[in-house]
Amino acid sequence: MSEETVAQRIARALQRHGVKVIFGQSLPSAVILACEAIGIRQLAYRQENMGGAMADGFARVSGRVAVVAAQNGPAATLLVPPLAEAFKASVPIVALVQEVERNQLDRNAFQELDHFALFSSCAKWVRRIITADRVDDYIDAAFVAAGSGRPGPAVLMLPADLLREKVPATVRERRSNLGEWPIDRTRPAEADIRKAAAAIASAKTPVVLAGGGATSPAAAAALAKLQDRAHLPVFTTNMGKGAIDETHPLSAGVLGALVGPRSLGRHALPILSEADLVVLIGTRTNQNGTDSWRQVPPAARVIHIDVDPQEIGRNYEAVRLLGDSAATLEALCAAFEQVDLSLRHDKRKSLEQRIASAWKSFESDRSVFSGSNGAPIRPERVMAEVQARLSPETIVVADASYSSMWVVGQLRTRTSGQRFLTPRGLAGLGWGLPLAMGAKVARPESPVIALVGDGGFAHSWAELETMARSKVPVIVIVLNNGILGFQKDAETVKFGGYTTACHFSPVDHAAIARACGCGGTVVKDPGDLGKALDLALSEQRPWLIEIMTDPAAHPPISLFDGTLDRAAEMV
């Protein structure tokens with residue numbers, strides 16, 4: 001009989017998969033103690049909702065399967081929202097959830113809950129270890145479920161009594177390291193690749209629309225190669241932001257709903273509208289990414305690259321290229337060596353001129369706000385100051401709602417694969433700060449800036465203490481306009497008025513930050529924005545910059561075109 005407990009074996013299995021940090025709150029205690037004993041760091045969140053989002057941000061940036069842990073019952077229920085985001089956004093997380101002792105199952109034990117039912121809608125895989133001899137089998141299976149195929153959450157329940165049991169000796173030891181994702185880089189058949197390459201080469205006006213599945217370093221590098229080799233204009237969805245270098249002459253930025261007055265999409269959308277072939281890469285073709293499914297031209301032929309067979313053809317009948325984005329794009333680039341690309345080459349110069357004109361018109365249109373010295377401060381002016389301080393290594397994270405729209409629509413990526421994280425799987429408020437914390441833990445050498453609204457930030461205030469205690473130096477920019485911006489504006493458009501929930505009492509967010517041990521400052525004058533950002537970037541500790549912003553400001557999304565924005569182009 002081994003002297004190793006199940007909890008210790010779990011810790012060793014996590015270590016074998018390269019796990020160096022576990023997002024937890026000391027539960028399951030036996031597992032956390034065993035992990036810390038062998039050098040696996042616990043990043044102790046204040047609330048499970050936030051811990052799950054930290055794991056999400058860590059996985060997106062690190063390229064590794066993240067691990068989060070939680071107690072059974074109420075703690076487990078709080079893991080559902082972030083796991084649901086990860087499920088929709090295709091982010092691999094292994095969740096270790098404590099279960100009541102095995103002889104207490106189905107007896108109304110303290111905090112007993114049907115965890116299988118709880119997690120069935122927000123995880124790819126849900127299991128319970130019931131015998132000490134299957135620990136490595138189940139840990140490996142959880143990592144495979146999370147990091148293979150379309151990535152997503154895997155949940156493994158751990159009965160409390162089992163964790164104390166001794167592990168029997170095994171005759172076959174597992175040695176695999178399954179911590180990096182994707183675990184398998186599948187690609188379509190060569191004949192299908194060649195047909196797709198020929199179709200792209202012969203199309204008159206082909207366009208690429210890249211989603212979140214194209215943002216990994218390998219996929220972004222392969223997409224950059226495809227863009228140049230085949231002379232293709234590339235758009236991205238919100239979640240695809242960062243997949244391409246937006247300073248490249250064939251990069252046309254983010255579309256989706258960002259096509260209202262003073263948007264880049266206002267000028268670039270016609271390029272997609274005129275396409276006779278659209279290459280979709282790693283996108284769910286969801287409502288936000290397609291502006292309610294209106295942007296892919298009805299007559300255009302569609303080629304869809306995706307690792308999930310169910311997503312290909314879901315909303316647009318498509319030529320199916322089932323496979324990992326990076327591997328498939330590399331194969332397409334190789335196939336172009338045997339294809340005549342003269343038509344693509346001949347059209348490149350005029351395309352570049354058209355895209356450059358779109359960017360120039362966009363800059364001119366938004367300058368009235370991005371260059372504004374008025375108070376309250378316009379968010380576009382804030383974004384201009386952030387843009388001036390972005391390096392290719394900077395990671396920018398946004399909360400849901402308007403924060404995401406300001407980031408993806410106003411900032412311009414400086415290199416392919418630059419990381420912009422937005423919780424657009426389900427777009428729940430409050431996840432911007434914990435996503436940024438996970439990203440900073442994954443890449444401590446990179447500056448990480450989180451942009452949040454005052455409404456969403458209220459969901460995650462407590463994690464300021466986590467940032468200070470755990471020494472996670474994220475810069476948090478709070479756009480404080482005193483309202484739930486999207487809620488107020490959307491209700492106004494749809495109903496002619498808005499509910500009383502849309503207005504907040506004044507809150508001194510900088511004071512909260514200072515009380516938690518972070519730096520904190522309030523900016524009311526646009527002239528002070530640069531100094532505040534420079535100080536925060538130089539301090540190398542958690543900082544919060546609260547910016548008093550214009551409550552009338554809203555991103556240029558299609559919902560407001562002709563309603564709230566009725567006179568915007570005349571301002």
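A residue is called partly exposed when its relative accessible area falls between the buried range, under 20%, and the exposed range, over 50%. The views below come from a predicted model.

**View 1. Tyr402 and Phe486 form an edge-to-face aromatic pair.** A pair of aromatic rings is described by the distance of the centres and the angle of the planes. In this model the count comes to four aromatic pairs. Tyr402 belongs to helix 14 (residues 402-410) and Phe486 to helix 18 (residues 485-495), so the pair, 84 residues apart, links distant parts of the chain. Tyr402 has 9% relative accessibility and therefore counts as buried.

**View 2. Phe486 and Phe560 form a tilted pair.** The ring centres of Phe486 and Phe560 are 6.5 Å apart, and the planes are at 45°, so the pair is tilted. This pair also links distant parts of the chain: Phe486 is in helix 18, while Phe560 is in the segment after strand 18 (543-548), 74 residues apart. Phe560 counts as buried because its relative accessibility is 0%.

**View 3. Three residues make up one aromatic cluster.** The members are Tyr402, Phe486 and Phe560.

**View 4. The charged end of Lys241 sits over the ring of Phe420.** The distance from this charged end to the ring centre of Phe420 is 5.5 Å.

**View 5. The charged end of Arg378 sits over the ring of Phe369.** Here the charged end lies 3.6 Å from the centre of the Phe369 ring.

Notes. Residues are numbered from 1 along each chain as its sequence is written. This is a predicted model: local features need pLDDT of at least 70, side-chain atom pairs count only at pLDDT 80 or more; totals for chains, interfaces and linings use all residues. Side-chain values use heavy atoms; hydrogens and water are left out. Rings of Phe, Tyr and Trp (its six-membered ring) pair if their centres lie within 6.5 Å; planes under 30 degrees apart count as stacked, over 60 as edge-to-face and the rest as tilted. Helices (H or I, at least four residues) and strands (E, at least two) are DSSP runs, numbered from the N terminus. Buried means under 20% relative accessible area, exposed over 50%, partly exposed in between (1.4 Å probe, protein chains only). A charge sits over a ring if NZ of Lys or CZ of Arg is within 6 Å of the ring centre and within 35 degrees of the ring normal.
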